[in-house]
Amino acid sequence: MTPVILGVVVGLITCEVALFTTSLYLHRALAHRAVRIHPAATFACRITTWMLTGIKPRQWVAVHRKHHAFTDEAGDPHSPVVNGFTKVLFGNALYYRAAARDPEVVARYAQDLTPDRLDRWLLDRGLVGLGLAFAVGVVLLGWQAALVAGAVSVSGYLLAGGAINAVGHRFGSRPYPNTATNSRVLGVLIAGEGLHNNHHGAPTSARFAHRRGEVDPCWWLISLLTRSGLAKVRLNGVHVRPVRSSTAARAS
Ligand SMILES: [Zn+2]
Ligand SMILES: [Zn+2]
């Protein structure tokens, strides 16, 4: 296998690992408290988030909760309706960064997530995490394959985030009365996150697939963790009464 092919394969795998970790840990567990994860699995998620994304969880959570509070209206950090479809699809990371670096956003929307010693000493340094992942890649794969893997993984992750926030609020079906949309293709590719209309309809549900034919791969992971005693689901779609997500987020 050539270094380029090896790098593409490894990059796609690490990109999927990052997307599953984001959906499970940052989104469903931290932002919405839909699932509780065992401390050992939480530690693994923190390290994975640090090394594959460089994201600070409390910043991600704050930006995302603000998105639910002001969905597709002024105040939404990344809305295709407010900012434009193409800008959010390809520039989502810039919109994210602008909101994440606003201390008022973090203080207001993630006040329940205070940084601990591990965050202050290590995990808040995102570039160190990404650099460490690259160094591991160089040792295991060689520098050429590691470079390709890093480029594929990071660009795939950024595009996936842009796709959820842009496509997931523009194209697809709207079974629940909110502005987000369901895309089954994005659902399969992006850890179930493409079922975005379902998620805005029932934000505290740990399961994003609500009807026949919808696929939520992250829910399979959650089911596996639950059976292993590593996770506990608070609510799933069956028991959640759909609400307009922005109203619910403001009320909470
Ligand atoms: Zn949304
Ligand atoms: Zn959400």
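## Basis

Residues are numbered from 1 along each chain as its sequence is written, and chains are lettered from A and ligands numbered from 1 in the order in which they are written. Because the model is predicted, local features need pLDDT of at least 70 and side-chain atom pairs count only at pLDDT 80 or more, while totals for chains, interfaces and linings use all residues.

## Val-63

Val-63 lies in helix H3, residues 57-69 (helices are DSSP runs of H or I with at least four residues, strands runs of E with at least two, numbered from the N terminus). Val-63 counts as buried because it has 25 C-beta neighbours inside 10 Å (buried means 20 or more other C-beta atoms within 10 Å, exposed 12 or fewer, partly exposed in between, with C-beta atoms placed from the backbone).

Beyond the neighbours within four places in sequence, Val-63 is in contact with Pro-77, Tyr-96, Ala-99, Ala-100 and Val-105 (contact means C-beta atoms, placed from the backbone, within 7 Å). Val-106 is 43 residues from Val-63 in sequence, with a C-alpha to C-alpha distance of 7.5 Å.

## Helices H5 and H9

Helix H5 (residues 85-100) packs with helix H9 (residues 143-166) at about 145 degrees, the axes being 7 Å apart (axes are lines fitted to C-alpha atoms over the stretch in contact, and angles run from 0 to 180 degrees between N-to-C directions). On the H5 side the contact includes Phe-85 and Phe-90, and on the H9 side Gly-161 and Gly-162.

## Helix H12

In helix H12 (residues 217-227), Pro-217, Cys-218, Trp-219 and Ile-222 are buried. The buried residues of H12 pack against helices H1 (3-31) and H10 (184-189) and strands S1 (35-37) and S2 (231-233).

Definitions and conventions: Two residues are in contact if their C-beta atoms, placed from the backbone, lie within 7 Å.
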